[in-house]
Amino acid sequence: MRYADQTPPVGVSRAPWPALDVDVLIVPVLEGERPAAAALLDAATSGRVNAALESREFTAKPNTVFVSPSIAADWRPGRVLLVGLGQRATCDTSRVRQAAASGALSARERRWRRLAVALPGVLAPAEEAQTLAEGVTLAAYDAGIYKSDADERPVQIGSVISAPASGEADGLAAIERAAARGHVLASCSNLARALANEPANVMTPRVFSDVAGQVGADSGLRVDVLDEERMMGLNMGLLLGVARGSAEPPRLVVLRYDPPAVSTRSVLGLVGKGITFDSGGISIKPSDRMHLMKSDMSGGAAVLSAMKAIAVLKPDQPVVGVIPLVENMPGGRAMRPGDVVRSAEGKTVEVIDTDAEGRLVLADALWYVRQLGATHLVDVATLTGAIGVALGRSTTGLFGTPEWWVDLVGRTANRAGDRTWPLPLFDDYREQLRSDIADLANVGGRPAGSITAAIFLKEFTGGLPWAHLDIASTAWAEDAQPWQPKGPTGVAVRTLAELSCTSAAWPDATP
Ligand code: BES
Ligand code: MN
Ligand code: ZN
């Protein structure tokens, strides 16, 4: 499989609105406020913008849209599209990103290809430019890659951000840099979506590792791919145990980013769950919705895609990414419930349920990323169905230790548009993982299922600062939203990439 960049860069234009050579001008609008440019928009639409605001046909509630042709003879944009930001007090980067995506998606549904987006004027201009660029780039993603009929597939869009004609040159340069950054972050989110969207007959562990090799070669990352033999040499009994039931051999991908200038002795270690299909193994899953388990490698896709973004953004922070890639199948040589397997670190695990496979492969991967010198850890995994019971489909579960590290990851995620909420890891939950014959059992029963899964992972973090993102309910959108179609979301890519740019704020870079 060849991976391709499907999203064109986002430009910045200082041309006045009437001179923009686009199909549509998208204008974000605050609820309950008259848009600053209302008079100009009215002139373009012969009063329709004002009429829509007056009649409350358009209220500017979050992600609502209003469209009018622009009929003034001296206007090049063919239409004006207003999109709601909600109220000023609640308008943050997430609202701006979503509004841009909502506007761009509805334009795209109407098959308009060339888009201009106005700065809302609510946040700092560069911050707005980055989030607008993210929104319009996210809106360019198309999941229907195996459709034959071109009419069934949305058009490719290209966007420019409309910057004020006045103002200093360095202000414009900052907006251009921010737009480029937003485009990188969102096109890498789209890469993660494309990988998660691939069916499991295409996206096997070997194919994923090939794609990782291509990404590495294109972006200057060092890539190492471990095969079964090397994993056996490292005694990765948990990862290899899960792999036993599949005809597809496992892989473990290592990606390294070494910055041009190192200003820290810390090494950020990213680990992503890469189960290319999760049938459950011998503890097989029910068949309804099992097809969605092709996306059980979304954490691995997020790590690979974030590593690509990091290679482009070039922070002064070394980063190593580790992606264990395994297909969880119930073949004749599969691991059985009750089997005991030994981790590379030496701990023994009684496998009560072969469907709790993510924590097994992550345990060996967390150990390995420490062997490679990581000092600060983040793992991303579609780990538990229970996280959707706790937090629903809009919020990623956040776990880890110590508090400052978990806090930093959480704040970075919320700014990046990957909303998270913390859950506790009190020591007494550990009791639920007690095994009668081994060091640990791989499941802790129904109560607090997402927490006991995280407690299991913690056993393999060697006491390093560690955060765990459970994306089982956020990696795949079951319902379309104005800003996002059904399907893969690319969650956590922007969080991980932005996190690699925060190391100046880490209190102790030499733990
Ligand atoms: N990949 C699943 C978790 C999952 C569920 C992801 C739904 C996306 C949507 C994971 O490997 C799993 O099967 N977890 C089990 C754990 C249980 C056996 C303790 C679960 O959540 O049921
Ligand atoms: Mn499973
Ligand atoms: Zn799984």
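**Ground rules.** I number residues from 1 along each chain as its sequence is written, and chains are lettered from A and ligands numbered from 1 in the order in which they are written. In this predicted model, local features need pLDDT of at least 70 and side-chain atom pairs count only at pLDDT 80 or more, while totals for chains, interfaces and linings use all residues; side-chain values use heavy atoms, without hydrogens and water.

**Entry 1.** I looked up the salt bridges (a side-chain nitrogen of Lys or Arg within 4 Å of a carboxyl oxygen of Asp or Glu). The structure holds 25 of them.

**Entry 2.** I checked Arg114 and Asp23, whose side chains form a salt bridge at 3.1 Å, N to O. Arg114 is in strand 5 (residues 114-118) and Asp23 in the loop between strand 1 (11-13) and strand 2 (24-29), 91 residues apart. Strands are DSSP runs of E, at least two residues, and helices are runs of H or I, at least four, numbered from the N terminus.

**Entry 3.** Asp23 is buried at 16%, and Arg114 is partly exposed at 36%.

**Entry 4.** I then took Asp355 and Lys285, a salt bridge of 2.9 Å, N to O. Asp355 is in the loop between strand 13 (348-350) and helix 10 (358-371), and Lys285 in the loop between strand 10 (274-278) and helix 9 (298-313), 70 residues apart. I also noted that shared partners join Asp21, Asp23, Arg76 and Arg114 into one network of salt bridges.

Terms used: Buried means under 20% relative accessible area, exposed over 50%, partly exposed in between (1.4 Å probe, protein chains only).
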